[in-house]
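Open the model in your viewer and keep the selection tool at hand. We will go stop by stop.

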Amino acid sequence: MSETHIPVLRNEILIFLQPNPNGLYVDGTIGLGGHSICILKKSHPSGRLIGIDMDAEALEVAKNRLHSFKNRLRLIHGNFAELQRLLNTCGISKVDGVLLDLGVSSLQLDTPERGFSFQNMGSLDMRMDMRLSTSASQIVNQSTSEKLIQIFKEYGEERYAKQIAQQIVDVRKNTTIGTTTQLAEIVERVYSYKVKYTKDSKKKQSRDNRIHPATRVFQALRIEVNSELQNLSQGLDAAISVLKSGGHLCVISFHSLEDRIVKQHFRQWAKTCICPPKTPVCICKHEKLLDVVTSKPVIPSQDEIDANPRARSAKLRVATRV
Ligand SMILES: C[S@@+](CC[C@H](N)C(=O)[O-])C[C@H]1O[C@@H](n2cnc3c(N)ncnc32)[C@H](O)[C@@H]1O
């Protein structure tokens, strides 16, 4: 397990986060601990780290992998959306740096029973935190067609949202859609029908061929099950509020919906005034909280992508608390 997981943009994170022996850092998505190990090594001998994850299984793996750093490490099972409260429970109010490496871990993707991937048969679950009450299967089997369309469109930017939702509704009249492969087959059927019988342009079809047709539907369900976009907005606000002046916030996102939220938050918090244009005197009392360090997102090198194809869509944005 530990050998298969390569932390994305590892060197860049160390350059921007600047871990040092006097520092206290938060890894809000510790996962299998790949980035945390690097931060703890770089801040040797006395830098401390709080590692948070929604996934209890990931925390167990991280605990074992990071055993030799246990005196400088504290692990918390929780949601980074609640970062401020989680730190307060440990008696901490301010930290020197926060890292959020969004999305799913290799452990989650590669464990079929967790239901994150359509590559292997598994139960359609997708909960990062098993304490969450609603699984992907419940959403697929119980949501109205309108709700399914909205999820696939909003969170997957899926072109055939309506047709896929209709197929789901038809199939579930006769059987429960309980596995990843059942859902993937439904999506594949819609795509192969579209390709065979409609006039969709060759260009659109070749764009679709680059990724498996079920990719967007799986992404959309995962985002819905785990409230990923709401968590991200709240987590960014929480991270800004716990950073010391001069502390760095590094966020790695993996799709445009996440990256847009990060970019917009950074822009908003980097402004000194948010009054409407042409307002003669500033009345907004908006406080500038950040300097944006990366005007454009940092992306992995081709070498990194060759070594770790899962890094291909990663985008890193960094801001410093003023
Ligand atoms: C891409 S992995 C992180 C990998 C990690 N950086 C490493 O090097 O091993 C993302 C992790 O974030 C966790 N996660 C996602 N959203 C979360 C949230 N809102 N709060 C806490 N953990 C979250 C997932 O459970 C997953 O383990």
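How far apart should the ends of helix 13 (residues 256-270) be, at 1.5 Å a residue? Keep in mind that this is a predicted model. Select helix 13 and look at its end C-alpha atoms. The 15 residues should span 21 Å, and the end C-alpha atoms are 21 Å apart, which agrees.

Stay on helix 13. Colour E258, D259, I261, V262, H265, F266 and W269: these are buried. Now look down the axis of helix 13. The buried residues fall within an arc of 160 degrees, so they line one face of the helix. An α-helix has 3.6 residues a turn, so residues three or four places apart point the same way.

Next, select S256, R260, Q264 and R267. These residues are exposed, on the face of helix 13 turned away from its buried side.

What do the buried residues of helix 13 pack against? Show helix 12 (228-242) and strand 5 (243-253), then strand 6 (290-292) and strand 7 (315-321).

Move to the ligand. There are 23 residues around the ligand, and T29, G31, G34, D55 and D101 come nearest. Then pick helix 2 (34-42) and strand 2 (48-53): each supplies at least two residues of the shell. By class, the shell has nine nonpolar, eleven polar and three charged residues.

Finally, zoom out. The protein chain has 14 helices and seven strands. Its radius of gyration is 21 Å, close to the 20 Å that the globule rule gives for 322 residues, so the chain is as compact as a globular protein of that length. Buried residues make up 43% of the chain.

Terms used. Residues are numbered from 1 along each chain as its sequence is written. This is a predicted model: local features need pLDDT of at least 70, side-chain atom pairs count only at pLDDT 80 or more; totals for chains, interfaces and linings use all residues. Helices (H or I, at least four residues) and strands (E, at least two) are DSSP runs, numbered from the N terminus. The expected span of a helix is 1.5 Å times one less than its number of residues. A residue is buried if 20 or more other C-beta atoms lie within 10 Å of its own, exposed if 12 or fewer, and partly exposed in between; C-beta atoms are placed from the backbone. The arc is that of the directions from the helix axis to the C-beta atoms. Two residues are in contact if their C-beta atoms, placed from the backbone, lie within 7 Å. A residue is near a molecule or strand if its C-beta atom, placed from the backbone, lies within 6 Å of it. Ala, Val, Leu, Ile, Met, Phe, Trp, Tyr, Cys and Pro count as nonpolar, Asp, Glu, Lys and Arg as charged, and the others, Gly among them, as polar. The radius of gyration is taken over C-alpha atoms; the globule rule is 2.2 Å times the number of residues to the power 0.38.
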